[in-house]
Amino acid sequence: MSGHEEPAGDEPAASEPAAGGLAAGPDAPEGAALPRRPGHPAPLGPGETVVLHDRKERRYLVTLREGGQFGYHGGTLDHDRLLGAPEGVEVSASKGARLRALRPTAEDWTLKAPRGAQVVYPKDQAMIVARGDIGPGCEVVEAGAGSGALTAALLRAVVPGGRVVSFERREDFADVARRNVAERLGPVGDAWDLRVGEAAGALGGVPCDRVVLDLLEPWELLDDVVAALRPGGLLVAYTPTVPQVMRLHEGLEASGAFAGGDTTETMERGWNVKGLSVRPDHRMVAHTAFITVARRVPEPG
Ligand SMILES: C[S@@+](CC[C@H](N)C(=O)[O-])C[C@H]1O[C@@H](n2cnc3c(N)ncnc32)[C@H](O)[C@@H]1O
């Protein structure tokens, strides 16, 4: 089996305790259900997903199974070589290439997990959570869920005490989101409510304190956002192009139910650090999308 393997399903394996993943919190015991966070004290076990790093920093997500095999251009690697080993172990594949096995970070999951729709990259996930003031206890409504990358970041932010209601109009994308969130966070219990269907006309029926929109025409949903958001709550919209930002600002102003409306973009530039060659990378992801944040306020009386 090469590259990323399909998860076994949304349910924890029968041999695992019921509570685990996001629901278990940082003090989960060693035997708690998968997934285990990076740095967990347990050795690598069957059913765990690891990220294999080669010497050129290419990364491969692999779910470990007894008797399983990972294959890539550098040869093959028996999963059994990793099972029972400490996280971070380095082993040789059949053609001699070295591979290091680590538990995946949120960034690894975002960049390497299967995707239906385009995902929100980690730099923007972080800014959406920070600029949207999304933390434990928040009630967030999201549209659309897409591949679930942003959903996972929102869920990690709101637990404990909060919840995320996600709308996704495409059944196939909702399936991808469901699988990605289950594999990455484990059981999330009542913290996540994924609703497959159109957000327009439905989102407004979910009272909340944060709305996060990552879809083509966020201005079309402003009446719903006004109905859903309690005064003082925040709208965060993620839009790739300038015309979208302009239409959104026009809509915010016309509604009279928002204050602020600040738009930013976030640029992240990697650095090459090798001996005396310490310089910015030649290539970078120069543009992803703009983040606009506005506050819901009572309409003028
Ligand atoms: C760019 S993707 C979202 C990606 C997601 N934030 C992630 O990080 O994986 C946009 C998604 O919004 C969904 N969508 C667009 N308009 C929608 C609407 N009015 N109601 C529900 N879902 C919608 C699309 O089907 C698509 O999956």
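Analyst: The account below begins with the ligand shell and then moves to the helix and loops beside it. This is a predicted model, in which local features need pLDDT of at least 70 and side-chain atom pairs count only at pLDDT 80 or more, while totals for chains, interfaces and linings use all residues. Residues are numbered from 1 along each chain as its sequence is written.

The ligand is surrounded by 22 residues, and the closest are Ala117, Gly144, Gly146, Ala149 and Ala199; a residue is near a molecule if its C-beta atom, placed from the backbone, lies within 6 Å of it. By residue type, the shell divides into 12 nonpolar, 5 polar and 5 charged residues. Here Ala, Val, Leu, Ile, Met, Phe, Trp, Tyr, Cys and Pro count as nonpolar, Asp, Glu, Lys and Arg as charged, and the others, Gly among them, as polar.

Two elements, α4 (149-158) and β8 (163-168), each supply at least two residues of this shell. Helices (H or I, at least four residues) and strands (E, at least two) are DSSP runs, numbered from the N terminus. Helix α4 is largely enclosed by the rest of the structure, because 9 of its 10 residues are buried. Among the buried residues are Ala149, Leu150 and Val158. A residue is buried if 20 or more other C-beta atoms lie within 10 Å of its own, exposed if 12 or fewer, and partly exposed in between, with C-beta atoms placed from the backbone.

The loops on either side of α4 deserve attention. Most peptide bonds are trans. Proline 160 lies in the loop between α4 and β8.

Strand β8 leads from the shell to an open sheet of 7 strands, which has the order β9-β8-β7-β10-β11-β15-β12 and mixed pairing; two strands pair if DSSP finds at least two bridges between them. The edge strands are β9 (192-196) and β12 (258-264), each of which pairs on one side only.
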